[in-house]
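Here is a short tour of one protein chain. Have the sequence and the model side by side as you read.

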Amino acid sequence: MKTTVALKCTKCGHEEMPELDVETYVQWKAGEGRIQTMFPELSDDTRELMISSICGQCFDRMFADEDDADESEDMANEVDEDGGEPW
Ligand SMILES: [Zn+2]
């Protein structure tokens with residue numbers, strides 16, 4: 001028997017509703033196997049969404065962005081009149 005599982009990315013709100021085998025899904029929820037072998041038909045992104053509630057795009061971004069996040073913010077702060085000389 002199949003069921004539709006509603007998944008939603010907590011970062012960007014991206015939604016997916018894959019149809020999954022109920023028994024397999026319950027087993028996976030109970031930690032009885034790896035998602036890759038239990039749902040080989042799902043895409044990596046959908047599996048990521050099931051595991052961490054984060055879609056593939058946001059997941060990639062989290063790791064790609066570690067060093068150069070918020071560039072625009074840094075530039076805005078550069079012009080900062082904090083007035084007064086140190087002497
Ligand atoms: Zn997302």
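## Overall layout

A quick word on terms before we start: helices and strands here are DSSP runs, at least four residues long for a helix (H or I) and at least two for a strand (E), numbered from the N terminus. Please keep in mind that this is a predicted model.

With those terms in hand, the protein chain reads β-β-β-β-α-α-α-α-α along its sequence. That comes to five helices and four strands. The chain has 87 residues, and 7% of them count as buried. As for contacts between residues at least 6 apart in sequence, 32% join residues at least 24 apart.

## Helix α1 and the glycine after it

Let us begin with helix α1, which spans residues 22-29. How many of its eight residues are buried? The number is zero, so the helix lies largely in the open. Being buried would take 20 or more other C-beta atoms within 10 Å of a residue's own.

Follow the chain just past α1 and you reach Gly 31, which takes a positive phi of about 80°.

## Ser 53, between two helices

Where does Ser 53 lie? You will find Ser 53 in the loop between α3 (44-52) and α4 (56-64). Its phi is near 60°, a positive value in a residue other than glycine.

Setting aside residues up to four places away in sequence, Ser 53 touches Cys 9 and Thr 10. Cys 9 sits 44 residues away along the chain, yet its C-alpha atom and that of Ser 53 are separated by 5.1 Å.

## Gly 56, in helix α4

Our last stop is Gly 56, whose place is in helix α4. Because 16 other C-beta atoms lie within 10 Å, Gly 56 is partly exposed.

Which residues does Gly 56 contact, leaving aside its neighbours within four places in sequence? They are Asp 44, Asp 45 and Glu 48. For a sense of spacing, Gly 56 and Ser 43 are 13 residues apart in sequence, with 9.5 Å between their C-alpha atoms.

Key:
Residues are numbered from 1 along each chain as its sequence is written. This is a predicted model: local features need pLDDT of at least 70, side-chain atom pairs count only at pLDDT 80 or more; totals for chains, interfaces and linings use all residues. A residue is buried if 20 or more other C-beta atoms lie within 10 Å of its own, exposed if 12 or fewer, and partly exposed in between; C-beta atoms are placed from the backbone. Two residues are in contact if their C-beta atoms, placed from the backbone, lie within 7 Å.
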